[in-house]
Amino acid sequence: MKVIVTKNDTEAGQKAFELIKDAMNNGAKVLGLATGSTPVKMYEAMVNSDVDFSKMTSVNLDEYVGMAPDNDQSYRYFMQKHLFDKKPFAKTFVPDGLAKDSEAETKRYDQVIADNPIDLQVLGLGRNGHIGFNEPGSPFDATTRKVPLTQSTIDANARFFANEDDVPKYAYSMGIGSILKSKKIILMAFGAEKAEAVKGMIEGPVTNHLPASVLQNKDDVTVIIDEAAASKLS
Ligand code: F6R
């Protein structure tokens, strides 16, 4: 695991974008992408660049169950707004929040991942150490699943909704097993509220109580964090 500490999320986003460009220059064709506040500066750097993504494919980590793509809280909407509407990709995949049959949707998404092997996966980090929506206790070999969100994640996401009852309680998420298949991984985390999870991820035991700790076992992982998120590292 390579750890880079930056002054702020803008510098981190720029750094992550440079790693994406390097990977593309070395033949990467498929990016695994994340939503949430963490990658926003990275998407800004991508959008403000002259890099052409029109031959690239993206595969997103997750989507809320029950959420329509045009709902402004959906992860599909987020991706269109922050990236795809401004920098077109050849193909973009996000789980279908409105799928009638959850089981079929998770199988379909596993096939998407199999057909489009991810060269570089971008991850955020939950305060509880989740990656994607693989909450504490998630098996390390899981493929795409419908998962209940923990209260800690519901609380963290409530800031985006008018009231907590509106926060979805389930999501489709790539499993940890699917994430680990990616050739390279960049994980970003910012702010003091992530410091405990960052410490566990880097210095703690590898345990599914803190899902991101599994990244210690994976080659080619770059962690980009700001000083606040790094503040508990020894
Ligand atoms: C988002 C995702 C989540 C977030 C994590 C951090 O697609 O999979 O794991 O990366 O919850 O969220 P933020 O960036 O909002 O702090």
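Ala90 is in contact (C-beta atoms, placed from the backbone, within 7 Å) with Ser54, Lys55, Met56 and Thr57, leaving aside its neighbours within four places in sequence. Keep in mind that this is a predicted model, where local features need pLDDT of at least 70, side-chain atom pairs count only at pLDDT 80 or more, and totals for chains, interfaces and linings use all residues. Residues are numbered from 1 along each chain as its sequence is written.

**More on Ala90**
- Ala90 sits in the loop between helix 3 (75-84) and strand 5 (91-93); helices (H or I, at least four residues) and strands (E, at least two) are DSSP runs, numbered from the N terminus.
- Ala90 counts as exposed because it has 11 other C-beta atoms within 10 Å, and the cut-off for exposed is 12 or fewer, with C-beta atoms placed from the backbone.
- From the C-alpha of Ala90 to that of Asn25, 65 residues apart along the chain, the separation is 17 Å.

- Three strands make an open sheet in the order 4-8-7, with antiparallel pairing; strands pair if DSSP finds at least two bridges between them.
- Strand 4 (62-64) and strand 7 (145-148) are the edge strands, each pairing on one side only.
- Strand 4 is joined to strand 8 (residues 170-173) by three bridges, and Asp62 stands opposite Ser173 in strand 8.

**The annotated domain**
- UniProt, in an unreviewed entry, annotates residues 12-222 as "domain: Glucosamine/galactosamine-6-phosphate isomerase"; such annotations may be inferred rather than shown by experiment.
- Over residues 12-222 the chain is 32% helix and 16% strand, and the end C-alpha atoms are 11 Å apart.

Definitions and conventions: Buried ≥ 20, exposed ≤ 12 C-beta atoms within 10 Å, placed from the backbone. Contact = placed C-beta atoms within 7 Å.
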